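This briefing concerns selected helices, helix pairs and backbone features of the structure shown below. Please read the points alongside the sequence and the coordinates.

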Amino acid sequence: MSGQKEIISYFKKFKLKDHAIGIAFVILFFVAIIVGWPNFIKIRNLTNILRQVSYTGIIALGMTLVIISGGIDLSVGSMTVFTGGVSIYFLNTFGPNSILGIVMTIIFSILFGGLCGFFNGIMIAKFRIAPFIVTLGTMSIFRSLIQYFSNAGNILSVNTIYGKIGMASFFGIPLPVWIFGIVAFLLHILLTNTSIGRYICAVGSNEQVANYSAIKVNFIKLIPYVITGLTVGLAAMLWTSRLNCINPSDCAGYEMDAIAAVVIGGTLMSGGKGSIIGTVLGAIMLGIINNMLVLGGISPFLQPAVKGFVIIIAVLLQYNNEKK
Amino acid sequence: MNKSQYSIEVKDIVKEFSSVRVLDQVTVGIKPGEIMGLIGENGAGKSTLIKIICGIYQATSGTIFLDEQPCLLKDYVSAKKLGIAIVPQEFNLINHLTVYENIFLGNEIHKGMFLNKALMREKASKQMTALNMSVDVNQLISKLSVAEKQMVEVSKALMLDAKILIFDEPTTTLTIKEVKILFDLMKKLQSKGVTMIFVSHKLHEIKTICDRVTILRDGKLIAIEEIDDINEEGIARQMIGRDFSQVFPPKIERIDGDLILEIENLNINNLLKNISFNLRRGEILGFAGLVGAGRTETMEAIMGLRKRDSGLIKINGKEITINKPQDAVKNKLGYISEDRQGKGIIQIFDIPKNMSLISIKKYKKGLFIDKKKEDNKAEDYIDKFNIVASSKKMELKYFSGGNQQKVYISKWMDTNPEILILDEPTRGIDVNAKREIYEFIHSLAESGISCILISSEMEEIIGLCSRVYVMKEGQISNCITGSAINEEEIMFNATGLKGKI
C-alpha cells in the first residue's frame, strides 16, 4: 500500500523540466540514429564522437564550476594553446626519447594551466574585476604570447614517444574519453559531496548571503578558475600529444564549445545551480549534432551557426523555466 | 450606500502563491476623495492587495472596478495609464541617476525628439519645495538620506497626476516632522479629490489621517470601519485577533547576570560614534531607534562584516579580535540580518543545505558531507520550530516569509551561539510565526543564551526586553530599563522630541 503511494507520489513529483536534459539527450540520440542511418550507430563513429567532444568536454567540466560560482571564463581556448605550446618547449628540453620528460611534461602542463587559471581567479576574486573582462583580456594575452614565442608557426615536439599517448586506447575507448569520464566523476563528487562544492553554489547564488554566513568568499571564487586551469592543462596535454605538435591558431572557439556544453547541460547562467552530469550530456549532444551535420553533408562553415542557435535556445528554455 | 459612489472597488479578490492562499475573498470599495487606511499585521495581505490594485500581481480570481467599470490591470504600466500610482515600501530609485531623472523615470517630458531637461528640473524642484524638502534636483539619489529618498518616491507618484494614490507604509523611514509634512500633503490632495489608500501598521497614524480603515488578518477581510467609530485598541484587537498582552511571553529580568559581551568606544567614521554597551548572560537586550540610526551598522561592525575605525570587543571580560565574520562565529556570536532574502538564506537551496551553510564542518565525514546526518538535523529543526514545508528538499524561494525566517534561525542555531543578535526578526512574517519567534527568543534567554533584539516595532521591544539601548544618529542616546521602557520614552530618546504626532 505504502509502496504504491510512493510510486504515485514519485510520478506526481516527476516534473518534465527536472529531467529535460536527459529526455532531450534520448530524443536527440534516436533522431541521430534515424537521420544518420546506418553510419551513426556504428561503434567507430560513436567512439569518434566521444573522442572529439572530450577535449572541450574536459574544459567544460571546469567551466561548469566557474559558471555556477557566478562567473565565466572566455580565455580557455587561448589558455589551451598557450599551455600546450609552452609544454612542448618544456618537453623538448629533455631530448627525443625521454620517458622522464613525458612524465614531467604531463605534470607541468596541468600545473601550468592551473597557474593561468590562478591568474584569472586572483584578478576576479581579489581585485574584483568582472570575470568577463578579465578573461577577455587573458584570452588575448595568452594567444598573443604563444604566437610571439613561436613566430606564429607550428611548435613541433622532438619526442618520438609523446605522440603515442594522445592516440592511446584502453578497452577500445580512447584515452581522452577515459580522462573526460574520470574528471567528470571527481568534479561531480566535489560539487555535490564536499563543502567546497556547497560553498561554490552559495557564492554563485548570493555572494552577500555567503559573506554573512562566514564563508571565505574570495577564496571560494578563486577555486573554480584554478580548477578550470587544471582541466585546460589536461586538455592541452591530450591535444598536443595527439598530433605531437601544436599550432598557435589551434583551439580557437574552445570557450564557445565549453560554455555551450555547460548551458545545454542545464547549469544556470546566473549561477548558483548546475550539474556536472548535465555538462557531460551537453558536450556529447553537441558532438552528436556536429556529427549529424557532417554525415548529412552540410557545409562545415555552418556548424558554428548551428552551435550558436543551440546555445540561445538552451538559455531561452532555461529562462522560461525559471519564470514559471 | 450607493455602489456607484466608489471610485475604486475590489471584489472577491483571491490570490494564491504556489497554492498558498494569501488573500481570501477580499471586497473593499473606496469613495472618491477618501483616505482609506489599510491595516494588518505583517503577512496579513496588505502589500499583496495593493500590488494587485496596481497591476504588479494578478489576482487568482476576483474583479477590480474603476468608476464602476471592471478593468483588467495586466501590469503597473497599464494601471498608471488608468490613473493609479503607488509610493512603494521599498525604494525603486536608481542610485546613479539624479533626483529629477528619477522623478520622471518612465514619464519623461520631451521637446521634439529630445528630453526637455529644463522643464523637468523646474517641475521637480517645484514639487520638492511643495514637500518642504531642500534637495537639489540635480543631486544623485545615492547622496540622499533615507527620508529624502522617500520624499523623492512620493514626488515620483505625484507627478503622474494620479486619481488613485497608494502609500505603502511610507512613514517607516520618516521622522515625525516629515510625517507631518506628508500628512499635510495628503490632506491637500484630498481636497483636490484624489482617492488615497494609506497602508500602515501604526495605529495612531491611521487614526490621524484616514477617513475609514480596512482591517486585514491572515489574508481575510476582518472589518471596514469609520475611523470615528473605532479607537486604537479596537483596531489592534481586530488586527491581531486577541489582546496585545497575550502575544508576548513573560519578561525575563537578568540584572545580576555576568557580563558576557562588552563593547567599548566603537567608532566608524561618519557612521557610528563612541558606541559602548554591555550584554548580560541570558538577557534580552533591546536596540531601538529610527531606521538609519546605526543599529544594524553597529552589529555588523561587531560581527566583522564592517571595518571598524576603533573600538574594543570583550567577551567574558577578555578582549578578542574580530576582523571577519569567521572570527565572530568562532567566538560564538550569531547575527540574523534584517535582510533575510538578501543576506540570510540562499533561495535556491533546500532546508538542509541552508541549515548547514555556516556549520558544515560538523557534518563532514573525512572529505565529504554526511548528508544523512545533515538531513536528520534539518528534520530536528523542522520539528522544533514547526517549519511548514511539503518537503525538506523544496527550495526556500517557495516558502512563506515566516518559514524562511525559521530556517534562517535554524542556520544560526546550528552554530551553537552564546550571543545571538536578531535584527528585525519578525519583518514580513505572519502573526503566528511572529509569536513563535517571540517564544523562541524567550526560551533562548531562559536557557542562558544572550540575545540582542533590534526592532522598529515598538511593541516587540517593549514586550520582550528587560533593558533597551536607544540609538540616534549613530550614537547611543540612552539606556532605559524597567517601567521606563515605553513608547513615549523610546520615541523621545530616538528623535529628541517629546510625545507622538
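This is a predicted model: local features need pLDDT of at least 70, side-chain atom pairs count only at pLDDT 80 or more; totals for chains, interfaces and linings use all residues.

How exposed is B:Gln25, in terms of its relative accessible area? B:Gln25 is partly exposed, because its relative accessible area of 45% falls between the limits of 20% for buried and 50% for exposed.

**Helix α2 of chain A**

- Helix α2(A) covers residues 20-35, and its 16 residues should span 22 Å at 1.5 Å a residue. The C-alpha atoms at its ends are 22 Å apart, in agreement with that expectation.
- The residues A:Phe25, A:Leu28, A:Ala32 and A:Ile33 of α2(A) are buried. Viewed down the axis of α2(A), the buried residues fall within an arc of 135°, and they therefore line one face of the helix.
- The face of α2(A) turned away from the buried side carries A:Ile27, A:Phe30, A:Ile34 and A:Val35, which are exposed.
- Helix α13 (276-295) of chain A is included in what covers the buried residues of α2(A).

**Helix pairs in chain A**

- Two packed helices are described by the angle between their axes and by the distance between those axes.
- Helix α12(A), residues 254-264, and α13(A) have axes that come within 7 Å and cross at roughly 120°. That angle makes α12(A) oblique to α13(A), and the crossing is right-handed.
- On the α12(A) side, this contact is made by A:Asp257, A:Ala260, A:Ala261, A:Val262 and A:Ile264. The α13(A) side contributes A:Gly278, A:Thr279, A:Gly282, A:Ala283, A:Met285 and A:Leu286.
- Helix α8(A), residues 175-193, packs with helix α9(A), residues 195-205, at an angle of about 70°, and their axes are 5 Å apart. That angle makes α8(A) roughly perpendicular to α9(A).
- In this second pair, A:Leu190, A:Leu191 and A:Asn193 of α8(A) make the contact with A:Ser195, A:Gly197, A:Arg198 and A:Cys201 of α9(A).

**Helix α6 of chain B**

- Helix α6(B), residues 176-191, has 16 residues and reaches 23 Å from its first C-alpha to its last, close to the 22 Å expected at 1.5 Å a residue.
- The buried residues of α6(B) are B:Ile176, B:Glu178, B:Val179, B:Ile181, B:Leu182, B:Phe183, B:Leu185, B:Met186, B:Leu189 and B:Gln190.
- These buried residues pack against the strands β3 (35-39), β9 (164-168) and β10 (195-199) of chain B, and also against the helices α5 (146-158), α7 (203-209) and α17 (487-495) of chain B.
- After α6(B) comes B:Gly193, with a positive phi near 95°.

**Backbone features**

- Most residues other than glycine have a negative phi, and most peptide bonds are trans.
- The peptide bond from A:Trp37 to A:Pro38 is cis, with omega near -5°. A:Pro38 is located in the loop between α2 and α3 (43-68) of chain A.
- B:Gln25 is not a glycine, yet its phi is positive, at about 50°. This residue lies in strand β2 of chain B, which comprises residues 20-30.
- B:Asn270, likewise a residue other than glycine, has a positive phi near 65°. B:Asn270 belongs to the loop between β13 (259-268) and β14 (272-280) of chain B.
- B:Asn270 counts as exposed because its relative accessible area is 77%, over the limit of 50%.

How values were computed:
Residues are numbered from 1 along each chain as its sequence is written. Chains are lettered from A and ligands numbered from 1 in the order in which they are written. Side-chain values use heavy atoms; hydrogens and water are left out. Helices (H or I, at least four residues) and strands (E, at least two) are DSSP runs, numbered from the N terminus. The expected span of a helix is 1.5 Å times one less than its number of residues. Buried means under 20% relative accessible area, exposed over 50%, partly exposed in between (1.4 Å probe, protein chains only). The arc is that of the directions from the helix axis to the C-beta atoms. Contact means heavy atoms within 4.5 Å. Axes are lines fitted to C-alpha atoms, for helices over the stretch in contact, and angles run from 0 to 180 degrees between N-to-C directions. Angles under 35 degrees count as roughly parallel, over 145 as roughly antiparallel, 65 to 115 as roughly perpendicular and the rest as oblique. A crossing is left-handed if the near helix is turned anticlockwise from the far one by less than a right angle, and right-handed if clockwise.
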